[in-house]
Amino acid sequence: MRHAKIPVILFLILLISCKGGDKGRMMHLGTWDHEKYGTLHVKFLKKSKTLQNYPCKRGKVRFHNNGQILSFKTTDQVSLDQGMVPSGSRIYMYPGGTPENVFLSADTEVQGYQISSRNRMLPWQLSLYCGGELRNFRSAIDLEIDGIPCSHRQDIELYPDGRLLSCHLSRGIQGKDNNFPAGSRIMMDRHGVPHPYSFPEHQAVSRLLNIEEHLSDPLVRAYEARLNGKLDSARKIVHPLQDKDYRNPLVHYELARIKRHRFIGGGKGTLESILYSSRHTWVDPYNVILAFFHAESLLFAVRNNIKAAEEDRVADYYYRAIERFEWVLELKPDYHAARMHLVDIYSHLPDNLGGDREKAEAHAKELLKYDPVWAARAEAILLPENAGLVDFWLRAGENFRDDPMALQELGRAYLYQGDVRNAKICFRKAMELEEGKCTLLLDLGRYHMKQLRKDKIMAGEHSSRAEAYLLEYIDTGPVNPHQAWCYAKLAWLKDLGGEENEGARLREEAKRLDMRFSREEAPPSLLLFISPGELFNEFESYFRP
């Protein structure tokens, strides 16, 4: 009987060795947590071989927690977009499986630039965006990019579209407002204008350009589920990621947006819970998208927290919101929506809650450096209770005719005065000039819904006009949560008109589009529904209707 067991044992050994595959050629050395990359697995490759389509040299190979290679040394050339990494180089990879940083073994050419392998301040010689575009590199020679003379002595940084982001100057240049001597480091804004290098501002731009690196598959699925009205499904996807992917700021961002979405839809979540998640986006404090969301969430909390006055938390929320919006401007001085919120807060609040008329005027004046229409919007906020608002925008409009934002503001000024005819003319023209202005149809719809409560004699006409604008907006194809809000309002109109069956049908359509459709009077902010990597630069006042 003992001899009969031997073939079985040999069979099991063979089976295990076949199943092990790479295990015989790779030894697991350990697992450790990295500040940037999270949980890593370090293995020793006993023999050079191709792993995940990359030629890996014998030695240590590091892996991301998702199984993708993090770093390895090449045994052969590796092709990049319009370039080659020479053999013997070390490559660090994004979790998605594309090269991030490259430690070159020899000079090479990538995407039209001669890149030096000589070590200077940093060990790597080139880095790429997750889409494969060249990001940072050490040039072998002085060169000129977009008319700017860049030195080979320091790294050169590009935007994803190939335009210059920052470099040290090989010779002095004259800017619009500054003289830049040779050797100084400059930053180029999106309009190609040079500015003195600023570390916080550079970090803000860097985080903004890096945002896609944090967009894991679960986050994308959760975001898409939420847009399709499946909020509870989105929550189930994101909730476990709080522990598994704690360092990822987009996990906390999406969870905060889910909580806020539930809150406006009548969910049982608390404002403190929303703020808890929005605060945790500060695992990446230089990300301007997340910094703005946290600041705006504080204003949302003040407006919606009825108990705030009893708990004496109002001043705390406002002061924190001011501090956060000021930080947003440290990161991105041309973030106009953030500056407008500060004008709004400083001009409307009393001194004991953070109000400061001089600061409001200073921020309004600062906007003139960037955009005259945004500056005019700030100046309009400083007018006393909409006094002369139509005249103000008629005068302002003479300087920028056919600007959709100016037309929007003139139309809203007409609505404040009850002049629907002129408001509609302005809104229609703004919509012709900019497709995104179709949300102005909701301004018209809401106006007639408000008048419906006030003017009982004309109630039928106001109801039919509100219905027409809501249906027209639905026809523009907005996101499901916005459509759901419209159908809920249509149901309300039908109920008021005594058509309960039709109202019930429309309410079911709202639920189909978004189980947690907004119960608020105004449509939900698009801040909740833009792509996680998109900068939100829209402004709606929390202090004026």
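Author: The questions and answers below concern a predicted model, and they take up its sheet, a helix pair and a cavity in turn.

Reader: Which strands stand at the edges of the 12-strand open sheet?

Author: The sheet is open and antiparallel in its pairing, running in the order β1-β2-β5-β6-β9-β10-β13-β14-β17-β18-β21-β22. Neighbouring strands in it are turned against each other by 15 degrees on average, direction ignored. Two strands have a single partner each, so one side of each lacks a neighbour in the sheet; these edge strands are β1 (26-34) and β22 (194-196).

Reader: Which residue of β10 stands opposite R90?

Author: Strand β9 covers residues 90-93 and strand β10 covers residues 99-103; the two run antiparallel and are joined by 4 bridges. The residue of β10 that stands opposite R90 is F103.

Reader: Which residue of β9 stands opposite F72?

Author: Strand β6 (residues 69-73) also pairs with β9, in the antiparallel sense and over 3 bridges. Opposite F72 stands a residue of β9, namely I91.

Reader: Which residue in the hairpin of β9 and β10 takes a positive phi?

Author: This hairpin has 5 residues between its strands. A positive phi near 100 degrees is found in the hairpin at G97.

Reader: At what angle do helices α10 and α11 pack?

Author: Two packed helices are described by the angle between their axes and the distance between the axes. Helix α10 comprises residues 314-331 and helix α11 comprises residues 336-348, and their axes lie 9 Å apart. The crossing of α10 past α11 is left-handed. The two helices pack at an angle of about 150 degrees.

Reader: How many residues in the contact of α10 with α11 are nonpolar?

Author: From α10, the residues I322, F325, E326, V328 and L329 take part, and they meet A338, R339, H341, L342, I345 and Y346 of α11. By class, this contact has 1 polar and 2 charged residues, and its nonpolar residues number 8.

Reader: How much space lies in the largest cavity?

Author: Rolling a probe the size of a water molecule over the atoms shows where empty space is left. With a cut-off of 30 Å³ or more, the structure holds 1 cavity. The space in the largest cavity is about 30 Å³.

Reader: How many charged residues are in the lining of the largest cavity?

Author: The lining consists of Y253, I289, F292, Y335, L527, I530, E534, L535 and F536. By class, 8 of the lining residues are nonpolar and none is polar, while the number of charged residues is 1.

Conventions: Residues are numbered from 1 along each chain as its sequence is written. This is a predicted model: local features need pLDDT of at least 70, side-chain atom pairs count only at pLDDT 80 or more; totals for chains, interfaces and linings use all residues. Side-chain values use heavy atoms; hydrogens and water are left out. On a 1 Å grid over the protein atoms alone, a cavity is a set of points where a 1.4 Å probe fits but cannot get out, and a pocket is an open set with protein on both sides within 12 Å along at least five of seven lines; lining residues have an atom within 4 Å of a point. Grid points are joined across faces, edges and corners, and a volume is the space filled by probe spheres set on the points. Ala, Val, Leu, Ile, Met, Phe, Trp, Tyr, Cys and Pro count as nonpolar, Asp, Glu, Lys and Arg as charged, and the others, Gly among them, as polar. Axes are lines fitted to C-alpha atoms, for helices over the stretch in contact, and angles run from 0 to 180 degrees between N-to-C directions. A crossing is left-handed if the near helix is turned anticlockwise from the far one by less than a right angle, and right-handed if clockwise. Contact means heavy atoms within 4.5 Å. Two strands pair if DSSP finds at least two bridges between them.
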